[in-house]
Amino acid sequence: MGTHRHANGRASDYKSFDAFQAAVKARKFEYADGKLTYVSEAGETFEYPANKKELPKINGTTVNLNPAKTYDSPYLFMEHGSNKAIIHYEGYKDKALEFGSPANSEGATFPPNSLQKK
């Protein structure tokens with residue numbers, strides 16, 4: 001399953017957090033037959049079953065809890081099941097974080113001053 005804009009869109013689509021909240025609240029939520037359904041401004045349908053025996057669905061497709069990539073964006077990449085994440089920012093050397101590794105004793109911290117220009 002690809003990337004989804006949960007709720008309504010990107011932060012830059014709204015003038016403020018209050019505007020975002022108002023947009024979400026203006027959307028129709030429906031609860032019927034043990035399922036909460038929400039349709040975003042982007043037209044995506046989110047279905048959340050209350051019985052917890054089923055997984056949520058987005059646009060009729062069951063959410064994949066084991067995707068090929070845990071993170072897949074222009075800035076952060078990580079294969080599912082791997083302990084290594086790559087942080088990328090244009091103009092800087094990529095930074096690899098290996099979770100659970102003594103070499104990365106900082107854990108998941110990533111101080112901005114650790115970036116090095118190319």
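Tutor: What follows begins with the basis of the values, turns to the charged pairs, and then moves to the surrounding elements.

The model is a predicted one, in which local features need pLDDT of at least 70 and side-chain atom pairs count only at pLDDT 80 or more, while totals for chains, interfaces and linings use all residues. Residues are numbered from 1 along each chain as its sequence is written, and side-chain values use heavy atoms, with hydrogens and water left out.

The protein has one helix and nine strands, and from the N terminus on the elements run α-β-β-β-β-β-β-β-β-β; helices (H or I, at least four residues) and strands (E, at least two) are DSSP runs, numbered from the N terminus.

On the part you asked about, side chains of opposite charge can pair when their charged atoms come close. The structure holds three salt bridges, a salt bridge being a side-chain nitrogen of Lys or Arg within 4 Å of a carboxyl oxygen of Asp or Glu. To place their partners I use three classes: buried means under 20% relative accessible area, exposed over 50%, and partly exposed in between, with a 1.4 Å probe and protein chains only.

One of these salt bridges joins Glu47 to Lys35, with the closest N and O atoms 2.8 Å apart. This pair links distant parts of the chain, since Glu47 belongs to strand 3 (residues 45–49) and Lys35 to strand 2, twelve residues apart. The two ends fall into separate classes, for Glu47 counts as buried at 16% relative accessibility, whereas Lys35 is partly exposed with a relative accessible area of 30%. In another pair, Lys28 meets Glu30, and here the closest N and O atoms are 3.7 Å apart. Lys28 is exposed at 61% relative accessible area, while Glu30, at 38%, is partly exposed. There is also a salt bridge between the side chains of Asp72 and Lys69, at 3.8 Å from N to O. Asp72 has a relative accessibility of 48% and counts as partly exposed, and Lys69, with 36%, counts as partly exposed too.

The residues Lys69 and Asp72 lead on to a sheet, since strand 6 covers 69–72 and is one of its edge strands, as is strand 9 (95–98), each pairing on one side only. Strands of a sheet pair through backbone hydrogen bonds, either parallel or antiparallel. In this sheet four strands stand in the order 6-7-8-9, the sheet is open and the pairing is antiparallel; two strands pair if DSSP finds at least two bridges between them. Neighbouring strands of this sheet are turned by 20 degrees against each other on average, direction ignored, where axes are lines fitted to C-alpha atoms, for helices over the stretch in contact, and angles run from 0 to 180 degrees between N-to-C directions. Inside the sheet, strand 7 (residues 76–79) and strand 8 (residues 84–87) run antiparallel and are joined by two bridges, and Leu76 stands opposite Ile87 in strand 8.

Most residues other than glycine have a negative phi, and most peptide bonds are trans. Asp33, however, has a positive phi near 55 degrees; Asp33 is placed in the loop between strand 1 (29–32) and strand 2 (35–39), and is exposed at 85% relative accessibility. Asn59 also has a positive phi near 55 degrees, lies in the loop between strand 4 (57–58) and strand 5 (61–62), and counts as partly exposed at 41% relative accessibility.

Tyr14 and Phe20 form an edge-to-face pair, 5.5 Å centre to centre and with 75 degrees between the planes. Tyr14 is buried at 15% relative accessible area, and Phe20 is partly exposed at 23%. Ring pairs link Tyr14, Phe17 and Phe20 into a cluster.

Over the whole chain, buried residues make up 17% of the 118 residues.

Methods
Rings of Phe, Tyr and Trp (its six-membered ring) pair if their centres lie within 6.5 Å; planes under 30 degrees apart count as stacked, over 60 as edge-to-face and the rest as tilted.
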